Amino acid sequence: MKLRYLATALIILSAVSVFIGVTDLSPTDLLSLTEDQREVLLISRIPRLISILIAGASMSIAGLIMQQLSKNKFVSPTTAGTLDSARFGVLVSLMVFTAASPLLKITVSFAFALLGTVIFMKILEKIKFKDPVFIPLVGLMFGSIIDSMATFLAYKNDLIQNMTSFMQGDFSMIMSGNYELLYVSIPTLIIAYFYASKFTIAGMGEEFAKNLGLNYRQVVNIGLIISALVTSSVVLSVGIIPFLGLIIPNIVTIYQGDHLKNNLIHTALLGALFVLVCDIIGRLIIYPYEIPINLTVGVIGSAIFIYLLLRRKKYGL
C-alpha cells in the first residue's frame with residue numbers, strides 16, 4: 001500500500017468528515033458562509049478533524065514503539081496497562097486536585113502511565129515463558145488490576161459517573177479550546193522519527209544493542225516516555241480508544257516489513273485514516289445521533305485482532 005494512496009484517501013475522507021453533521025454545511029457553502037456556518041466550521045468541525053488525525057496517528061505510533069521495544073507484536077497501550085494507568089492518573093488528579101488545570105492533569109496522568117508501562121516492562125523481564133500471545137494476556141490482567149483499583153477509588157469517592165463519562169472515547173464534545181492538549185503528541189512523534197533507528201536496534205535485545213555501542217536503557221526510557229505522554233494526552237482530550245496501537249502497526253508490518261523508520265509514516269497515516277473511517281461510520285449509522293469512537297474502534301479493532309491471531313496460528317508463527 002503506497003503512501004500516496006493512504007494520503008489521497010486521508011485527504012478525501014477528511015473533506016467528507018468536515019461536511020458531516022446535524023448542521024447543514026456543503027462544499028458550495030464555503031463560498032458564502034453564514035456566521036453560524038463559520039462558527040460550526042471553525043469551532044467544531046475543523047477541531048474535531050484535527051483531533052481525529054492527531055489521536056489516530058499518535059496512538060498508532062505509540063503502539064509501534066512499544067511493540068518494537070518489547071519484541072512482541074501483540075503489545076500496545078491497550079494490552080500493556082498504559083491506557084488503564086493513564087485513566088488511574090486522571091482519577092487521582094480529580095481526587096487530589098479538584099480544580100486541576102489541564103496541564104496538571106496531563107502531568108499526573110503521564111506519570112501514572114509511565115509508571116504502569118515501566119512496571120509492565122519489568123514484568124516482561126521476569127517472565128520465562130514468552131509466547132507472543134501469552135505476553136499481552138499478562139498485560140490485560142495487569143491492566144484489569146489497575147482498572148479495578150481505579151473503579152474502587154472512584155466508587156469510594158462518588159466519582160463513578162464522572163469517570164465513566166470522562167473516559168468514554170468520544171469526539172462529539174471536541175471544540176476549539178478543549179482539544180489543544182493533543183498538540184503535545186506532535187513533538188514526541190518528531191522525536192520518535194529521529195530515534196527510530198535506535199528503537200530498531202534496541203528491539204534486537206539489550207546485549208546486541210550494547211555491543212553496537214547503544215545506550216540501551218536510555219533509548220528504552222525515551223520510547224516509554226513517548227508512549228506514556230501520547231497515551232495520557234489522548235486519554236485526557238478524547239478518552240480511551242482501544243486496539244488502535246495494536247492493530248495498525250501489525251497491518252503495516254504485514255505489507256511493509258519490520259523496519260521501524262520506514263513504517264512510521266505509514267503507521268501514522270493508516271492510524272489517522274482508520275480512526276477517521278470509524279468516526280464517519282459512527283456519525284452516519286444512527287444519524288443524526290452518533291456512536292462513540294471507542295465503540296466503533298473497539299468492534300472493528302477486535303475483529304481485526306482476532307484475524308491477526310488466526311493468521312498467526314495459520315502460518316505457525
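A crossing of two helices is left-handed if the near helix is turned anticlockwise from the far one by less than a right angle, and right-handed if clockwise. In this predicted model, helix H2 passes helix H7 in a left-handed crossing. The crossing of H1 and H12 is likewise described as left-handed, while H3 passes H4 in a right-handed crossing.

**Helix H2 with helix H7**

- The axes of H2 and H7 (residues 185-194) approach within 10 Å and cross at roughly 40°.
- Angles under 35 degrees count as roughly parallel and those of 65 to 115 as roughly perpendicular, and H2 and H7 are therefore oblique to each other.
- On the H2 side, the contact is made by Ile-54, Ser-58, Ile-61 and Ile-65, and on the H7 side by Ser-185, Ile-186, Leu-189 and Ala-192.
- By class, this contact of H2 with H7 comprises six nonpolar residues, two polar residues and no charged residues.

**Helix H1 with helix H12**

- Helix H1 spans residues 3-18, and its axis comes within 10 Å of the axis of H12, with a crossing angle of roughly 30°.
- H1 and H12 are therefore roughly parallel to each other.
- H1 contributes Leu-3, Leu-6, Ala-7, Ala-9, Leu-10, Leu-13, Ser-14, Val-16 and Ser-17 to the contact.
- The H12 residues that meet them include Ile-265, His-266, Leu-269, Leu-270, Asp-279 and Arg-283.
- The contact of H1 with H12 divides into 15 nonpolar, three polar and two charged residues.

**Helix H3 with helix H4**

- The axes of H3 (residues 82-96) and H4 (residues 102-126) come within 7 Å and cross at roughly 140°.
- In H3, the contact residues include Thr-82, Ser-85, Ala-86, Phe-88 and Gly-89.
- In H4, Lys-105, Val-108, Ser-109, Phe-112, Ala-113, Gly-116 and Thr-117 take part in the contact.
- The residues of the H3 and H4 contact are eight nonpolar, seven polar and one charged.

**Nonpolar core**

- The largest nonpolar core holds 90 residues, of which Phe-120, Phe-171, Phe-199, Val-234, Ile-241 and Ile-293 touch the most other members.
- Helix H2 (residues 35-70) supplies the largest share of this core, with 13 residues.
- Phe-120 is in contact with Val-75, Thr-79, Ala-80, Ile-135, Val-138, Gly-139 and Phe-142, leaving aside its neighbours within four places in sequence.

**Backbone features**

- Most residues other than glycine have a negative phi, and most peptide bonds are trans.
- Phe-243, although not a glycine, has a positive phi of about 70°.
- Phe-243 is placed in the loop between helix H10 (216-237) and helix H11 (244-256).
- The peptide bond from Tyr-287 to Pro-288 is cis, with omega near 15°.
- Pro-288 belongs to the loop between helix H12 (260-284) and H13.

- Gly-298 lies in helix H13, which covers residues 293-314.
- With a relative accessible area of 12%, Gly-298 falls under the 20% cut-off and is therefore buried.
- Not counting residues up to four places away in sequence, Gly-298 touches Pro-242, Phe-243 and Ile-293.
- The C-alpha atoms of Gly-298 and Ile-248 are separated by 13 Å, and the two residues are 50 apart along the chain.

Key: Residues numbered from 1 in each chain as written. Predicted model: local features only at pLDDT ≥ 70, side-chain atom pairs only at ≥ 80, totals over all residues. Heavy atoms only, no water. Helix = DSSP H or I, 4+ residues; strand = E, 2+ residues; numbered from the N terminus. Buried < 20%, exposed > 50% of the residue type's maximum accessible area, 1.4 Å probe, protein only. Contact = heavy atoms within 4.5 Å. Core = buried A, V, L, I, M, F, W, Y, C linked by side-chain atoms within 4.5 Å. Axes fitted to C-alpha atoms, helices over the stretch in contact; angles between N-to-C directions. Parallel < 35°, antiparallel > 145°, perpendicular 65-115°, else oblique. Nonpolar A, V, L, I, M, F, W, Y, C, P; charged D, E, K, R; others polar.
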